[in-house]
Amino acid sequence: TLGYVILYVKDVSATLDFYKEAFGLSIRFFKDDNGMAYGELETGAARLAFASLTLANLHLQQEVVAASPDKPPLGFEIALVTTDVPVLYAQAVKAGATAMSKPSVKPWGQTVAYLRDQDGHIVELCTPLP
């Protein structure tokens, strides 16, 4: 069972606030202990979580490659399922997401769009598969 996915970011609090504003997700948990921050969003069965780079280095005992909006994106994406991709896409861009590709209907019938969050991670917005 997939419980959660953790992304390492510079500022967990700011990232949680961004996802709340951009995608309407609720913050489930947040704790910051002198820069060792961790937070989770309510996203359904599996949670999307964020940990500070400081906490990542402590737990993993090595540095991690951090996403950055100024560099090519890392080789993965977060997919958020919604019934109205164009509305959520516009909301996310208004909140500061960077547009990658506008909503379009794919040959298999799914509407899909791509953005980058303020940390540089790729976020796919998509309708449920038909």
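Helices (H or I, at least four residues) and strands (E, at least two) are DSSP runs numbered from the N terminus. The model is a predicted one, in which local features need pLDDT of at least 70 and side-chain atom pairs count only at pLDDT 80 or more, whereas totals for chains, interfaces and linings use all residues. Residues are numbered from 1 along each chain as its sequence is written, and side-chain values use heavy atoms, with hydrogens and water left out.

H2 spans residues 53–60, and Leu53, Leu55 and Ala56 are buried in this helix. Here buried means under 20% relative accessible area, exposed means over 50%, and partly exposed lies in between (1.4 Å probe, protein chains only). Viewed down the axis of H2, the buried residues fall within an arc of 155°, so they line one face of the helix; the arc is that of the directions from the helix axis to the C-beta atoms. An α-helix has 3.6 residues a turn, so residues three or four places apart point the same way. The buried residues of H2 pack against strand E1 (4–9), strand E3 (36–42) and strand E4 (47–52), where contact means heavy atoms within 4.5 Å. Just after H2, Gln61 adopts a positive phi of about 60°.

Two strands are said to pair if DSSP finds at least two bridges between them. E1 and E4 run parallel and are joined by six bridges, with Ile6 standing opposite Ala49 in E4.

Within strand E3 of this sheet is Glu40, a residue that is buried at a relative accessible area of 8%. The side chain of Glu40 makes a polar contact with the side chain of Tyr38 at 2.6 Å. A polar contact is a pair of N or O atoms within 3.5 Å; within protein, one must be able to donate a hydrogen and the other to accept it, and residues adjacent in sequence count only if both atoms are side-chain atoms. When residues up to four places away in sequence are not counted, Glu40 touches Leu16, Ser26, Ile27, Arg28, Phe29, Arg47, Leu48 and Ala49.

A further open sheet is formed by four strands in the order E5-E8-E7-E6, again with mixed pairing. Strand E5 (77–81) and strand E6 (98–105) stand at its edges, each with a single partner strand, so one side of each lacks a neighbour in the sheet. The twist in this sheet averages 15° from one strand to the next. E6 and strand E7 (residues 111–116) run antiparallel and are joined by five bridges; Thr98 stands opposite Arg116 in E7. Five bridges also join E5 to E8, which run parallel, and Ile78 stands opposite Val123 in E8. E7 and E8 pair in the antiparallel sense over five bridges, and Ala113 has Leu125 in E8 as its bridge partner. These two strands, E7 and E8, form a hairpin with five residues between them, and Gly120 in the turn has a positive phi of about 100°.

All five of the five residues of E8 are buried, so this strand is largely enclosed by the rest of the structure. Ile122, Glu124 and Cys126 point one way from E8, while Val123 and Leu125 point the other way. In a regular strand the side chains alternate between the two faces of the sheet. Helix H1 (residues 12–23) lies across E5, E7 and strand E8 (122–126), running at about 25° to E8. Helix H3 (residues 85–94) lies across E6, E7 and E8, at about 10° to E7.

Leu2 is placed in the segment before E1 and counts as exposed at 55% relative accessibility. Leu2 touches Ala45 and Ala46, not counting residues up to four places away in sequence.

How values were computed:
Axes fitted to C-alpha atoms, helices over the stretch in contact; angles between N-to-C directions.
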